[in-house]
4 protein chains.
Amino acid sequence: MTSPIDLLRRQVSDLHQELVRYDLVVWTAGNVSGRVPGEDLFVIKPSGVPYDELTPDTMILCDLDGKVVEGDHAPSSDTAAHAYVYRNMPEVGGVVHTHSTYACAWAARGEAVPCVLTAMADEFGAEIPVGPFALIGDDSIGRGIVETLRGHRSPAVLMKSHGVFTIGRDAKAAVKAAVMCEDVARTVHISRQLGQPLPIAQDDIDSLNHRYRNVYGQQRAAR
Amino acid sequence: MTSPIDLLRRQVSDLHQELVRYDLVVWTAGNVSGRVPGEDLFVIKPSGVPYDELTPDTMILCDLDGKVVEGDHAPSSDTAAHAYVYRNMPEVGGVVHTHSTYACAWAARGEAVPCVLTAMADEFGAEIPVGPFALIGDDSIGRGIVETLRGHRSPAVLMKSHGVFTIGRDAKAAVKAAVMCEDVARTVHISRQLGQPLPIAQDDIDSLNHRYRNVYGQQRAAR
Amino acid sequence: MTSPIDLLRRQVSDLHQELVRYDLVVWTAGNVSGRVPGEDLFVIKPSGVPYDELTPDTMILCDLDGKVVEGDHAPSSDTAAHAYVYRNMPEVGGVVHTHSTYACAWAARGEAVPCVLTAMADEFGAEIPVGPFALIGDDSIGRGIVETLRGHRSPAVLMKSHGVFTIGRDAKAAVKAAVMCEDVARTVHISRQLGQPLPIAQDDIDSLNHRYRNVYGQQRAAR
Amino acid sequence: MTSPIDLLRRQVSDLHQELVRYDLVVWTAGNVSGRVPGEDLFVIKPSGVPYDELTPDTMILCDLDGKVVEGDHAPSSDTAAHAYVYRNMPEVGGVVHTHSTYACAWAARGEAVPCVLTAMADEFGAEIPVGPFALIGDDSIGRGIVETLRGHRSPAVLMKSHGVFTIGRDAKAAVKAAVMCEDVARTVHISRQLGQPLPIAQDDIDSLNHRYRNVYGQQRAAR
């Protein structure tokens, strides 16, 4: 019988292909991780392995301090940031990091993506916020993600001058948030090139987001 | 022998791949439906199923109130809008909804795409108009589509802050309209980035559209 | 033994896939034709057939008045324009028409693409010029192409508010010109978005173009 | 046993597919070369052969004056520039040339890409500099590359009005630099369209680049 960790290895490995399919990554940049349900462990992409060569076996199993528990490669150089999120946000089951083009273009200006599309009200329920500038090497990036997203409706944060981190109840939800984040970052950017997108009233944003999280969510849960 | 409904299930399922091919959709957003000829029924995409997993069997059969007649999944969350169009526009045999990037960028500003390309005069015969801001959950979206497109040459409407709906004599024609809508929304956007596209005289628009609908249309009918 | 016309049917059919590969066309828009060497005949795409379904057999053989000599479908609705070019430019062996995005964006403003890249000096030897606004239905489009390109170094013309026509010594050269036209139209557009591209001195343009047509050309001929 | 030159032929041939995958080239533009370890020889793409038809056998072996030592085709028309780099930068084991869109857009304005993304501080450690305008036909292009990149952290140079050259310790590293160059040229361009990207402090750039070249580099060397 396939163990929960092996299932997760396969899921996390496969989800990396969605980053490629939606052009969110180049070369070996970008990474997906998923928490092992009920354990203080998560599975993450190895460092520097091409997307074509990712397999369940190459995924790295880490503890919540980001130490390797099992795996033949070094884990992603962003492992400490993922680990910090899992340690501090127990409700999070998946984390994704990309340098997707349009989201990074907003991040490079340190500017949030305003909520001006109904699909964005559904998925993000608010603007996509900007997190602090933080250097790699300690907990700064992880702390910036958690401080920005805790209590925020958005599952995505634009880390200043850097890139995107997204969270979700599982790895698939975090990947969906990364895909949608780039999609709305692109559409709102293009809209703004020729003028100002119309605001959506806060009440309408609230109502769309509530419906999406509840009515639509229950419908999906029922499937 | 294959029934008309089974043929339509296959056609509608296959047409979703055109949305993917032309980059009109991400994740599970977007949907195509087709009216069952001579019956008060239509076939539509299920909700939340990935494009890779769509098959004729997964398509949902609905009545013109949007109630499921046959199908194992919930129908697309946009089913009520499709149903409203079929109830109120008997000449329509296909409806498509997307959040395609450039069309949504115009929709987010609430701005119509001006008719400044001969291909646009052919296919749309006018600007691509903007429909009202409308929340999901009742007939508001359907009503907005019908009120905007009834009597308009354009088979596409940009719903404000939301996305595109297109109509056609059948599902394939509605998909073609969605593809062409994004194509001209993109080209006119890019043209406008560096100046003003030249207007086309109303007489020339009329003449191009008339020829396309008749001469070219009859030629196609004859094939 | 394969006849020259059958070889040309295959070549013209295959070259349409390059239009798809380089995203120069959507749906059934765009067409390639090639002159039958030594005969007053050319082979062109059928009207309204999807790119996936094009085969050598579906190509249409026409005379230089654009009348169908052999073929089961109607020829491309742009056949009259191709025929006019073959009648009036005996040195031309291939013609291509597209609505490629960036080239059309320049065409919609009626603005030539300035020669500001060495690759453009190589391939086009000058700006890519704008042809007149012309309605489909008589010789206006063909005449506009010929009057613009006769005596011009550029093998591509941007027909005002319409799209691109390119010519070449054979169909492959015309397809290459269509691919390069969109490539430089895109690069120069993007460069202009943030300022003015630097001019290249006329002497340098002349020298690059001369070398490309001669030294590089002979080298290629020698292969 | 496979000889080092045969291994290099295969590697250089395969790496051209990365240029296609990342949309850095159209038609037959662009080329990759790799130095034969320990010999005054390098392997480079043949001139004018489509990317689909490149095989190890079609690669051309040249000496450091750019003369063909072995090969059935003429070598890339940029061979003299590659040769000049290998003659004058003994630490370089790979060279890549492309006309990738966004990098060329900066090159056409003669404007360096500012270092405003952490990924750019990692990979380039500085702005991506502009090299001189230089005509093909003598050592001008090679000299411009070497004079710009010698002593510069960036492995990429934007040759004015022309395109990109990148260098690396081997062909793969040069290809990675070409991929990353286009990626950051695109992201910074898009960011600049709606305002000014935030600067990154020089100390932070230095620290990121040092870490990437050392900590991350050693980690990779250890794999």
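How many salt bridges does the rule count over all chains? The count comes to 40 salt bridges, in a model that is predicted.

## Annotated domain

In chain A, an unreviewed UniProt entry places the feature "domain: Class II aldolase/adducin N-terminal" at residues 10-189. In the predicted model, this span of chain A is 37% helix and 18% strand, and its end C-alpha atoms lie 35 Å apart.

## Relation between copies

Two copies of a chain are related by a rotation about an axis and a shift along it. For chain B and chain C, the superposition takes a rotation of 90 degrees with 0.0 Å of shift along the axis, and the RMSD is 0.0 Å. That is the relation of a four-fold axis, and within chain B the C-alpha nearest to this axis belongs to B:Gln193, at 5.3 Å from it.

The surfaces through which these copies meet are different, because only 3% of the interface residues of chain B are also interface residues in chain C.

## The side of chain B that touches chain C

The contact between chain B and chain C draws on 31 residues from chain B and 26 residues from chain C. Together the two chains bury about 2,700 Å², with 63% of that area on carbon and sulfur atoms. Across this interface the rule finds 1 salt bridge, and C:Asp52 forms a salt bridge with B:Arg21 in which the closest N and O atoms are 2.9 Å apart. The count of residue pairs in polar contact between chain B and chain C, with both residues at pLDDT 80 or more, is 8.

Four helices of chain B, namely helix 1 (4-21), helix 4 (118-123), helix 6 (171-193) and helix 7 (202-222), each supply at least two residues of this side. Helix 6 of chain B gives the most, with 11 residues. By residue class, the side of chain B that touches chain C divides into 14 nonpolar, 8 polar and 9 charged residues.

## The side of chain B that touches chain A

Here 26 residues of chain B are in contact with 31 residues of chain A, and the area buried between the two chains is about 2,700 Å², of which carbon and sulfur atoms give 64%. Within chain B, the residues that lose the most area to chain A are B:Val26, B:Trp27 and B:Arg109, which together account for 28% of what that side buries.

Between chain B and chain A the count is 1 salt bridge; the side chains of B:Asp52 and A:Arg21 meet in a salt bridge with an N to O distance of 2.9 Å. There are also 8 residue pairs in polar contact between chain B and chain A, both residues of each pair being at pLDDT 80 or more. Helix 3 (101-109) and helix 6 of chain B are the elements that give two or more residues to this side, and the largest share, 6 residues, comes from helix 3 of chain B. The residues of the side of chain B that touches chain A divide into 10 nonpolar, 12 polar and 4 charged.

## A salt bridge within chain D

Within chain D, D:Glu70 forms a salt bridge with D:Arg9, the closest N and O atoms lying 3.2 Å apart. This pair links distant parts of the chain, since D:Glu70 is in strand 4 (residues 68-70) and D:Arg9 is in helix 1 (residues 4-21) of chain D, 61 residues apart.

Definitions and conventions
Residues are numbered from 1 along each chain as its sequence is written. Chains are lettered from A and ligands numbered from 1 in the order in which they are written. This is a predicted model: local features need pLDDT of at least 70, side-chain atom pairs count only at pLDDT 80 or more; totals for chains, interfaces and linings use all residues. Side-chain values use heavy atoms; hydrogens and water are left out. Copies are superposed by least squares on the C-alpha atoms of residues with pLDDT of at least 70 in both. Contact means heavy atoms within 4.5 Å. UniProt positions are given in the numbering used here, feature names are shortened, and annotations may be inferred rather than shown by experiment. Buried area is the accessible area (1.4 Å probe) that two parts lose on being put together, summed over both. A salt bridge is a side-chain nitrogen of Lys or Arg within 4 Å of a carboxyl oxygen of Asp or Glu. A polar contact is a pair of N or O atoms within 3.5 Å; within protein, one must be able to donate a hydrogen and the other to accept it, and residues adjacent in sequence count only if both atoms are side-chain atoms. Ala, Val, Leu, Ile, Met, Phe, Trp, Tyr, Cys and Pro count as nonpolar, Asp, Glu, Lys and Arg as charged, and the others, Gly among them, as polar.
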